[in-house]
Amino acid sequence: MNLLQTLPWAVPGVNDAFFDLSYVLQLVTTGLANGAVYALMALSVVIVYRTTGHMNFAQGEMGTIGCLLVFSISVERGVPYWISIPAAIALSMVVGAVLQRTLVQPVERRGGMGVVLVTLGLFLIINAVDAVIWGADPVTPVTPFPSEAGDRFIILDGPPQFAIRYSTIGIWITLAVVVGLLWLLLQRTRLGLGYRAVAANPESALLVGIPKDRMLMLGWALAAGIGTLAAVLFSQKTGSLDFNLMAAVILYGLAAAALGGFDSIPGAVVGGAVVGLVESLVPAFFSFIGSELSLVMALVVIVAVLLVRPQGIFGKAKVVRV
Amino acid sequence: MTLLTVEGLEASYGPVRVLHGIDLTVERGEVVVLLGANGAGKTTTLRALCQLPGLSTSGRVDFDGRSLVGCRTEEVVRRGIAHVPQGRGTFPELSVEENLDAGAYLRRDRREVRQDIERWYDTFPRLADRRHQSAGTLSGGEQQMLAVARACLSRPQLLLLDEPSLGLAPLVIQHLFEIFAELNRSDGTTILVVEQNATLALSIATRAYVIESGQIVLTGPAAELHHDDGVRRAYLGF
Ligand SMILES: Nc1ncnc2c1ncn2[C@@H]1O[C@H](COP(=O)(O)OP(=O)(O)OP(=O)(O)O)[C@@H](O)[C@H]1O
Ligand SMILES: [Mg+2]
């Protein structure tokens, strides 16, 4: 299956293995698997941003602590994961709403950069708390999806082989379900209408009787729940869990959200996929770019996109009529 | 019977005091017009009545026998006040229909809300044609129609209108004011309207107030103010 190998390409600095179809498909799959996690983080960012206009830099850390809780409940206490994961998600939603209400709202009223500082502060505090409680050594996380070496569909026989893990498919399905539920909530319920009205015009939302503050809390709650889910999926994917689990993932998520235009749900999903693909394909294609540079690569792509389209790939240039 | 009593209403944006003791009353079933030059504090008065955040207020505001001071805006709306803000304030990303649904946010009688929405579509057929279009794409006149219909969907006792004629063609203005008069006559909706188009506003109003630099300087029956020399020179242009 080395179709691409027959091409008369000889580009200096380009990895020869890149011309193998199985290898490329494997890279794409890996990219889209990570990309799905980034998309979930981007969704969290977008959901908060749409109503509040700010970013929660602590989103990743809030997910990490949720994931560590799942570990403690399930691995250390033996509670099944189908109880611990929903419980952790529900708990993080409550915590998200409470943080918004008690910490963010009072600071936000004063305006300025306060909220940025609060979420950065939360980032550092939660990160430190995780390290103090759970220690700095990585542990083996809970695996909601089958994760043995053989748990995969072999699609092209190798070598190199192209296979898709069951867990990767599980991540994709989870993302699809989350997007579907979000869509239903936002487009088909009264609560969702209130949320979207606040996003569109906060003052008018107040004037039709929508409790704006509660919609902001709803945004934080949803984001926190999705963030915890993303952390659980990501820890299964990497097979290792420590207090720095989401430190880079939140950056990829922010990047994905920026690509998607910060206020678009489909944009967040596509942005996540693009960032995941860039991360996996670019270092593999250009052998002189080490994988440790993939974060930089992702950022370069984002800056490039934003230079051309400041509103992101999906962001609409706002329709405003006077 | 008095629906709204305002006494000594003061309001500030941060350190800037804008209202210096407004006194006004609105009787049930009245149409009252608030006139005043640009920057006099008309919009601020309406915003203060709704207890919008960002504005610190003091003084007495009683609505339907109970004080509104310190209420959340949500509660003010629940008590029966609807506000069409200056510049319409529609939800641009939401469809026309969703804007109307949002207007009925506090109501639980879904079936009657549907009927009310259809009634407003009959009143403004241009909205009916555009019901699935996002509100941001409507013309200025259509947006004002939408803003009025949205406000009325909460079935308010008191409708606050802030310069509903702003930037609209004379025919559209005429149509809107006929609808205000009709709302007042048949639904018994009490109206407090801020208007630059004083002739038109006075023609449907029972009484009027004139506000200057955050204070009420003149009040009287609409017909009387219509012939007051000062008002004529300042607001009517003849
Ligand atoms: N958000 C704000 N912050 C600070 N000052 C404000 C704010 N909004 C209005 N003002 C000031 O309050 C005063 C009254 O404004 P207001 O909007 O109530 O006037 P108005 O009578 O509605 O005028 P117009 O006819 O132009 O709409 C003005 O001097 C204005 O500059
Ligand atoms: Mg005004």
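Which residues of chain A does the UniProt annotation "transmembrane region" cover? I found residues 23-49, 56-75, 81-99, 111-136, 163-186, 216-234, 241-262 and 282-308 of chain A in that unreviewed entry. UniProt positions are given in the numbering used here, feature names are shortened, and annotations may be inferred rather than shown by experiment.

Ground rules, before I go on. This is a predicted model, where local features need pLDDT of at least 70 and side-chain atom pairs count only at pLDDT 80 or more, while totals for chains, interfaces and linings use all residues. Residues are numbered from 1 along each chain as its sequence is written, chains are lettered from A and ligands numbered from 1 in the order in which they are written, and side-chain values use heavy atoms, with hydrogens and water left out.

Entry: two annotated spans. I looked at residues 111-136 of chain A, which are 81% helix and 0% strand, with end C-alpha atoms 36 Å apart. Residues 216-234 of chain A came out as 100% helix and 0% strand, and their end C-alpha atoms are 27 Å apart. Helices here are DSSP runs of H or I with at least four residues, and strands are runs of E with at least two, numbered from the N terminus.

Entry: a loop in chain A. I found A:E292 in the loop between α10 (265-285) and α11 (294-308). A:E292 counts as exposed because its relative accessibility is 65% (buried is under 20%, exposed over 50%, partly exposed in between, with a 1.4 Å probe and protein chains only).

Entry: ligand 1. I noted 13 residues around it, with B:N38, B:G39, B:K42, B:T43 and B:T44 coming nearest (near means a heavy atom within 4 Å). Helix α1 (residues 42-49) of chain B gives the most to this shell, three residues. I also checked polar side-chain atoms against oxygen atoms of ligand 1: B:N38 sits at 2.9 Å, B:Q86 at 3.0 Å and B:E163 at 3.1 Å.

Entry: the magnesium ion. What coordinates ligand 2? I see B:T43 (OG1) and B:Q86 (OE1), at 1.9 to 2.1 Å (donors are N, O and S atoms within 2.8 Å of the metal, or 3.2 Å for Na, K and Ca; water is not among the atoms, so sites may look incomplete). B:T43 lies in helix α1 and B:Q86 in the loop between β6 (81-84) and α3 (96-103) of chain B, so the pair ties together parts 43 residues apart in sequence. B:T43 counts as partly exposed at 26% relative accessibility, and B:Q86 as partly exposed at 38%.

Note on methods:
A polar contact is a pair of N or O atoms within 3.5 Å; within protein, one must be able to donate a hydrogen and the other to accept it, and residues adjacent in sequence count only if both atoms are side-chain atoms.
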